[in-house]
Amino acid sequence: MHIDTLKKVEITRPAFYKEEASAMPVQHLSKKDLDNLNSISVSDAIKFFSGVQVLDYGGIGGMKTIDVRSLSSNHTSIFYNGIAINNAQNGQVDLGKFSLDNIESITLFNGQQTKLLIPAKAFSSASTLLLEAQKPLFEEGKTYHFKIGTRIGDFGLFNPSFLWQQKVSENTSLSFNTEWVKANGRYDFYYARGDVDTLINRQNSDVDALRLEAALTGMLNDSSTWEVRLYNYISERGLPGAAVDNNYYSNDRQWDKDFFVQGRWEKKYNDLYSLLINGKFDRLDLRYKDPDFHNTQGFLENNYNQKEVYLSAANLFVWSNSLKSSLSADYFYNKLDADLMGFAYPERHTLLVNAAIEWQKNNFQIQANGLTTILKENVRVGNSAGGKQVFSPSISVSWKPFLDQNLYVRSFFKSIFRAPTFNDSYYTIIGSTSLNPEYVNQYDLGFTWQKAFNSRFQQVTFKVDAYHNRIKDRITAIPLANLFRWSMVNLGRVEINGIDLGVSGNAALGADVNLDFGVNYTYQKALDKTANGANFNQFIPYAPKNSGSGFVAVVYKAFGLNYNTLYTGERYSLRPNILTNKMEDWFIQNLSVSYKNKLAKMNYKVLAEANNIANINYTVIRNYPMPGRNYRISFQISY
């Protein structure tokens with residue numbers, strides 16, 4: 001009998017993210033996407049999401065926080081490998097501290113995640129940013145993998161990193177990652193105001209930061225999975241302050257220490273029931289010094305210490321192919337100490353209980369949940385803000401109207417709130433214990449359409465979302481008798497209407513040439529709607545009507561060429577909307593060239609970057625100038 005062996009043929013098709021069918025708007029950056037962007041930290045990468053403003057105080061060491069759809073950074077929860085990163089003192093997480101060196105993917109959900117087996121905390125904010133660390137990956141027959149890299153560039157940047165992954169046993173892996181960022185942070189910026197027209201060198205913007213991270217992951221004999229992760233970050237940085245006439249920088253300094261240990265365990269008992277357990281202990285130390293403060297000592301120095309204990313249990317019940325539900329409960333204990341005169345020393349106990357249900361039938365999905373939040377606060381000095389109990393509902397739907405088309409129509413409503421932070425309630429002189437929570441109602445209607453082609457134009461994705469947000473009792477700082485005495489108050493109402501648009505895709509331009517591209521655009525009007533208010537129907541600060549981003553990445557054999565751009569339109573730095581408070585729009589462009597190859601058994605990559613290639617003089621936060629044209633070179637080897 002004669003047997004013919006046919007030649008092996010590979011059939012490939014671009015994979016669709018399962019999140020594209022989500023009832024909540026979702027944006028995703030894979031490791032490949034992150035490599036195509038001129039980014040060092042998470043804060044650099046998320047600038048390319050639509051509807052996102054990164055509030056950047058300038059330079060490598062400046063604080064960077066996320067603002068999604070103009071709801072403020074306090075309304076976005078940050079999760080690292082499934083567990084929340086919190087800051088009870090001011091409610092803001094500095095994303096500049098999180099390097100991309102150990103990040104596998106970044107995902108942003110407006111509303112909330114659509115998974116049900118997640119902590120109750122994941123339902124408790126207006127948007128959610130998920131950071132996933134790199135998972136141990138070993139070639140067949142290998143028990144370890146390592147990666148060494150370094151990046152150098154303008155502003156005295158020196159940024160070495162090291163990653164080691166080790167297979168301890170068949171089902172257990174250990175990983176260790178460390179990174180050092182050191183830079184003098186000095187750069188020139190153009191200052192023109194009134195009679196002043198000069199070139200200034202930014203001073204006191206240096207940073208010296210070290211991150212150490214270790215994780216142990218595995219699977220037990222009962223098929224349950226687990227992870228224990230240790231994280232330690234220490235830094236010293238200059239706080240250059242605002243650049244204003246005759247005072248272009250300050251001498252303030254800040255020291256940070258952040259240590260946490262977190263763990264998770266997940267088990268699917270049977271087709272009906274699954275359980276997820278999370279836990280975390282976090283300690284944050286902050287030291288601040290102003291050597292020029294006018295007091296009897298001749299300087300000001302404050303020390304703050306935060307502690308957090310977190311426990312969570314999530315239960316998933318799969319009743320049938322169409323119906324599933326979950327019940328999650330989280331407990332947080334937060335404490336803040338400081339060496340301030342008359343400090344309150346607040347403690348907060350938070351209990352979150354969430355029940356969710358999902359029904360899916362014939363390409364139609366509906367999900368609803370209700371979150372109960374119970375807060376209790378105690379203080380050692382003064383009056384406590386007391387307790388709060390709030391119920392927050394949410395409902396979302398997703399529909400695929402055509403079986404032969406990857407078109408998904410989605411809509412959601414979500415009601416949520418944020419409690420005043422410790423600084424809002426207890427910061428000396430400014431804080432107020434009578435503050436109400438800040439309530440937000442979100443409405444969204446949108447669709448995603450994807451098309452895969454067999455021709456050179458392989459895949460394209462279109463996303464459109466129209467949204468309406470209402471904020472009640474927005475927590476705001478206002479001046480009292482003079483500009484040196486401020487107070488935190490609940491101030492009226494804000495309404496935000498907007499549209500997010502996104503187009504992305506990839507194409508094969510030839511046998512060895514591949515193209516990836518993406519464009520995002522946001523139009524929004526974020527207006528003060530406080531009845532009888534002095535700023536009624538005026539734009540709130542730092543909320544541009546127009547913003548957008550785009551990128552093009554071309555790969556030819558071992559070479560890569562990446563171009564990306566960011567745009568932010570005109571906006572106001574303060575109320576009211578007068579000419580002196582108006583900030584100009586800006587448009588910056590970045591370019592990078594890379595080369596990948598293999599030498600012996602080592603893979604290596606060389607990357608050269610030119611950022612802000614047009615040398616645009618711009619600010620994200622008023623009076624905090626951003627760097628002009630700058631260059632970086634990086635080299636990386638892995639085995």
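Trainee: In this predicted model, are arginine 418 and aspartate 424 buried or exposed?
Mentor: Start with the pairing. Arginine 418 and aspartate 424 form a salt bridge, with closest N and O atoms 3.0 Å apart. Buried means under 20% relative accessible area. Both residues fall in that class: buried.

Trainee: Where do arginine 575 and aspartate 528 sit in the chain?
Mentor: These two also form a salt bridge, at 3.2 Å between the closest N and O atoms. The pair links distant parts of the chain, 47 residues apart. Arginine 575 is in the loop between β31 (571-572) and β32 (582-583), and aspartate 528 is in strand β28.

Trainee: Why does aspartate 528 count as buried?
Mentor: The cut-off for buried is under 20% relative accessible area. Arginine 575 has 23%, so it is partly exposed. Aspartate 528 is buried because its relative accessible area is 6%.

Trainee: Which side chain forms a polar contact of 2.8 Å with that of serine 99?
Mentor: Serine 99 lies in the loop between β5 (83-85) and β6 (103-110). Its side chain also reaches the backbone nitrogen of aspartate 101, at 2.9 Å. Leaving aside neighbours within four places in sequence, serine 99 is in contact with Ile40, Ser41, Val42, Glu179 and Arg211. The 2.8 Å partner is glutamate 179.

Trainee: Why does serine 99 count as buried?
Mentor: Apply the limit again: buried means under 20% relative accessible area. Serine 99 counts as buried because its relative accessibility is 9%.

Trainee: How many residues are in the largest nonpolar core?
Mentor: Val42, Ile46, Leu95, Ile106, Leu129 and Leu131 touch the most other members. Not counting residues up to four places away in sequence, leucine 95 touches Ser41, Val42, Ser43, Ile46, Lys64, Ile66, Ile78 and Leu129. Another core lies apart from it, with 17 residues, among them Phe332 and Ile496. The largest core has 41 residues.

Trainee: How many bridges join strand β27 to strand β28?
Mentor: β27 (residues 493-508) and β28 (residues 513-528) run antiparallel. They form a hairpin with four residues between them. Isoleucine 499 has tyrosine 523 of β28 as its bridge partner. The count for the two strands is 15 bridges.

Technical notes
Residues are numbered from 1 along each chain as its sequence is written. This is a predicted model: local features need pLDDT of at least 70, side-chain atom pairs count only at pLDDT 80 or more; totals for chains, interfaces and linings use all residues. Side-chain values use heavy atoms; hydrogens and water are left out. Two strands pair if DSSP finds at least two bridges between them. A nonpolar core is a set of buried Ala, Val, Leu, Ile, Met, Phe, Trp, Tyr and Cys residues joined through side-chain atoms within 4.5 Å. Buried means under 20% relative accessible area, exposed over 50%, partly exposed in between (1.4 Å probe, protein chains only). Contact means heavy atoms within 4.5 Å. A polar contact is a pair of N or O atoms within 3.5 Å; within protein, one must be able to donate a hydrogen and the other to accept it, and residues adjacent in sequence count only if both atoms are side-chain atoms. A salt bridge is a side-chain nitrogen of Lys or Arg within 4 Å of a carboxyl oxygen of Asp or Glu.
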